[in-house]
Amino acid sequence: MVMRKLAALLAVLALTLAACGGDGGAASDEPTAGGPDGTGAATGDCTVAVSWNNFQQPRWAATDQPNIRDVVEAAGGTYIDADANLSNEQQLTDISNLIGQGADVLILLAQDQNAVLPGLQEAKDNGIPVIAYDRLIEDEEVLYITFNNVGVGEAEATAILEAVPEGNYVLIKGDPGDPNASTFLPQGWDNAGLKEKVDAGEITVLNMSGENWPEDAGTYTEAWDTQTAQENMEAIIDAAVADGETIDAILAENDSTALGVVAALEAKNYGFPPLSGQDGDPANLNNVALGKQYVDVWKNSNELGKAAGQAAIQLCEATAMADIAIDVDESVAPLDGNSPTGFETPGGNTVQSIILQPTPITAEDLGQVFEAGWYASKEDICAGVTEDDPGWEPCQ
Amino acid sequence: MANVAGTAPAPGRAETGESRSGLRGLVAATEIDLRLFGMLVALAFILLAFNLLTDGRFFSPGNMVTLTVQAIPVAILATGMVLVIVSRNIDLSVGSVTGLIAMTYAALMTDWLPNALGMGADFPFRWLIALGIGIGLGAAIGAVQGFIIAYVGVPSFVVTLGGLLSIRGAIWYFSNGAAVTGLDPTFRLLGGGGRGSIGEMLTWGIGIVGCVAVVAALWNSRRQRRRFGFPVRPMWAELTLGALGCAAMLGLSWFANGNYLAPALAAEYAQQHGIVEPPGGLKVPAGYPLPIILLIGVTVVMAWIATRRRFGRYVYAYGGNPDAAELAGINTRFTILKTFMLMGVLAALSGAVVAARLNGATLDIGSSYELYVIAAAVVGGTSFAGGIGTIPGAVLGAFVMQALSYGLAFMGVNSPGQNVVAGIVLILAVAFDSWNRRRATS
């Protein structure tokens with residue numbers, strides 16, 4: 001009896017030691033094989049690891065992932081990835097696993113910029129360069145590759161302000177915990193002149209929840225959820241009608257909320273005041289063609305994926321960060337040139353960044369989307385378009 | 001509605017002939033279900049409070065119609081959840097199943113029916129075919145889960161939790177996560193709005209039918225009681241209840257007819273009927289939107305099943321005492337299976353309303369619905385101990401929760417604020433109910 005228990009205990013101990021030994025082995029291999037000053041990487045055996053935060057969102061599988069993978073494999077490298085499914089803890093585990101699988105460069109889409117810091121540290125300890133992909137991480141050693149989120153907001157508001165320079169506006173924001181929704185996009189709106197016009201009395205925001213700007217300006221939508229946006233918008237329309245006010249324009253931060261706004265407008269037969277969005281989702285581009293949405297700020301994430309893939313390969317080959325050069329389509333080319341430049345973050349850090357430009361798409365610009373090989377096909381975008389609709393011409 | 005007045009003597013109140021002090025005696029004589037009546041009062045109170053807080057802008061026919069239509073997807077599911085909870089089970093997968101079926105409708109009408117089966121947009125009754133497929137799918141999913149719970153013996157919490165995760169994940173594969181839009185116009189009528197409303201005449205018709213139904217139910221109940229020797233309500237109580245019921249039905253119709261078509265639709269209507277529009281537009285009453293008719297139908301059928309069909313009584317019997325039910329010869333396993341199948345069918349109906357309202361489906365439809373549905377059932381008086389709960393109560397519970405949500409959104413309070421209030425109200429409602437119940441039995 002005692003012998004059996006002892007044997008079991010020994011077996012468990014042996015297994016545990018073997019596992020620890022295995023990890024220790026992999027970890028100790030890392031600094032020599034993969035780091036920027038290592039010897040293995042330069043011979044072309046580059047493993048690029050990507051840590052996704054929410055692979056279920058359609059965009060990543062459709063555009064970013066295939067492009068990163070194609071660029072990496074064309075250069076002779078290996079592509080590996082993991083999905084954190086919106087969980088911070090899972091992302092830290094993913095990073096450890098990717099490092100354990102021999103990652104030479106890590107492309108990191110942070111679920112939360114603070115919660116991911118331990119994972120970032122682990123990568124640094126193993127000498128692995130990190131690219132912060134699409135979402136900012138406040139660390140001066142990462143390379144930040146993204147679309148200009150403030151620029152997206154600016155593009156949204158510029159288009160709408162041009163169409164409706166004066167009147168009543170409704171602001172629909174995204175998830176309150178996402179800095180894009182609370183900080184960057186509203187900043188872009190103000191850069192385009194929204195706050196000025198509100199202060200001058202030319203524009204009235206109908207759905208203020210308080211006095212502070214921009215915190216109380218507009219309604220947030222938890223998890224950027226379409227149904228929530230629909231219900232909130234229905235209540236806003238009812239309140240406006242009760243007050244005898246007309247809604248002249250709607251600034252929605254992204255496409256999933258804009259879809260809910262359109263559903264609410266249709267339920268109330270309110271008509272379609274100019275409406276903004278971002279992401280270039282197929283259903284929304286279709287709405288642009290049908291005249292239900294005015295502008296959709298499109299970020300050709302094919303190019304973002306390519307840029308990240310190219311930068312990853314160059315980092316693998318021990319290129320210094322300042323010497324990295326990317327080659328992307330001129331429609332998205334960064335304003336400051338094709339090499340990283342310093343970017344002042346909200347947290348006061350200076351992060352080396354490559355910031356691509358977004359493209360506002362109104363009905364007449366739809367041709368650009370067709371030519372770019374976007375995952376929304378021309379069929380999807382032009383479904384149900386008749387000759388009275390603004391998208392008729394481009395859809396021919 | 002009949003249950004509020006209690007068509008059979010409530011247990012413990014059979015001695016209505018005995019006198020009780022003043023007002024209490026009068027109320028007891030009418031045999032009104034005080035719980036349900038209390039919920040109605042609570043709802044009225046909430047609406048009044050919001051109306052005061054918004055200087056009278058809140059309470060208008062149009063707004064109340066919006067609120068009701070928003071509450072319908074959860075209310076439909078809540079009617080089925082009552083039976084599930086009463087039989088000592090839980091169904092956490094309702095949100096995911098609703099989302100899956102909504103996405104199925106969207107995929108059917110935009111892709112599979114036209115492309116794979118050659119049924120183009122003008123195929124007759126294509127919307128009905130899609131609806132039928134959705135209901136079949138819901139019943140199938142419910143049957144699978146019900147089978148594993150009832151016959152294999154895995155706890156319902158575990159099975160439906162697995163369902164919640166795997167079904168939600170499966171939705172992604174329909175369109176790689178993208179939203180799918182563009183449903184049949186006939187299908188979209190199920191979402192309400194100006195086009196999906198039944199108009200003035202039919203709304204009055206429903207009001208009249210409702211009034212007649214209330215009077216008929218009271219008369220029938222009196223007749224049945226006499227026949228089997230139960231004490232009857234005093235005549236004045238019957239007349240009062242009849243008058244109140246009728247007034248309520250007609251009043252609701254009148255209120256719904258105060259909801260007018262939007263200017264664009266009114267202009268269309270005027271054109272169609274050759275009416276010249278007066279300055280300021282034609283005021284065409286929209287009446288009840290179709291989703292409300294659907295909800296009324298579902299509530300009446302579910303309440304009838306729960307109280308007048310053997311299946312319903314078996315569910316309550318099992319919930320009250322599972323062993324006794326088994327020993328009494330009830331096929332308890334099949335009964336449980338059927339509760340989950342019913343839940344699946346209701347998810348298909350709920351999904352139809354959601355998809356119709358959205359003109360399509362997104363990845364996240366129905367996420368967190370399970371929580372709202374359970375909250376609605378519980379606020380409406382269903383007990384987790386099993387054996388207790390009413391269908392009308394759950395529907396009222398759904399309205400109470402949605403009234404809070406809509407009212408706060410109307411006042412400009414953000415989603416997080418709405419959630420804080422909803423959670424607190426849920427706890428208060430159940431605590432009050434427990435305290436009340438304990439007081440009644442002590």
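**Ground rules.** I count residues from 1 along each chain as its sequence is written, with chains lettered from A and ligands numbered from 1 in the order in which they are written. As the model is predicted, local features need pLDDT of at least 70, side-chain atom pairs count only at pLDDT 80 or more, and totals for chains, interfaces and linings use all residues.

**Sheet in chain A.** I looked up the strand order and found an open, parallel sheet of three strands, 7-6-8. Strands (E, at least two residues) and helices (H or I, at least four) are DSSP runs numbered from the N terminus, and two strands pair if DSSP finds at least two bridges between them. Strand 7 (203–205) and strand 8 (249–252) each have a single partner strand, so one side of each lacks a neighbour in the sheet. I then followed strand 6 (residues 167–172), which four bridges join to strand 8. Val170(A) has Ile250(A) as its bridge partner there.

Next I checked helix 8 (residues 226–243) of chain A against helix 4 (residues 61–86) of chain B: their axes come within 10 Å and cross at roughly 175 degrees. Axes are lines fitted to C-alpha atoms over the stretch in contact, with angles from 0 to 180 degrees between N-to-C directions. The two helices are therefore roughly antiparallel (over 145 degrees; under 35 is roughly parallel, 65 to 115 roughly perpendicular, the rest oblique).

**Domains in chain B.** Finally, I noted domain 1 (39–196 + 294–441) and domain 2 (197–288), with bounds from an automatic or database domain assignment. Their C-alpha centres lie 25 Å apart.
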